[in-house]
Amino acid sequence: MTEKHKIRIKLRAYSDWLLNTSCNDIINTANRTHAKPVGPIPLPTKRKIYCVLRSPHVDKDSREHFELRTHKRIIDIYAPSSHTIDALMKLNLPSGVDIEVKL
């Protein structure tokens, strides 16, 4: 394949620790197969806040806030070979990480 071809991998997870270990695994796999990885590029973290009443009947002023953070990263792999693609498909990543691959 030529230099113009690339693979873009978007990773999404609630845990930043799981996301970072997955990024390291992908980059190590790309380096082993002599591809050129660029990244991980951190994207802004999305915060979703849920407001819940503490008591079901009275005390509307007493509320609890829960937060759900979604961390995102992008990894670009330039000049991938077929060996690189096979190694990335066989890679075992944690179940809490959402992966989107574009060729």
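How much accessible surface does the protein have, and what share of that surface belongs to carbon and sulfur atoms? It comes to about 7,400 Å², with 53% belonging to carbon and sulfur atoms (Shrake-Rupley method, 1.4 Å probe).

A word on the ground rules. This is a predicted model, where local features need pLDDT of at least 70 and side-chain atom pairs count only at pLDDT 80 or more, while totals for chains, interfaces and linings use all residues. Numbering runs from 1 along each chain as its sequence is written, and side-chain values use heavy atoms, leaving out hydrogens and water.

On confidence, mean pLDDT (the predictor's confidence in each residue, from 0 to 100) is 88 for the protein, and 96% of residues reach 70 or more.

| Element | Mean pLDDT |
|---|---|
| β3, the highest | 93 |
| α2 (residues 82–89), the lowest | 87 |

Along the sequence the pattern reads β-α-β-β-α-β, with helices (H or I, at least four residues) and strands (E, at least two) taken as DSSP runs numbered from the N terminus.

As for overall shape, the C-alpha trace spans about 65 × 25 × 15 Å along its principal axes.

Buried residues (under 20% relative accessible area, 1.4 Å probe, protein chains only) make up 25% of the 103 residues.

Conventions. Buried < 20%, exposed > 50% of the residue type's maximum accessible area, 1.4 Å probe, protein only.
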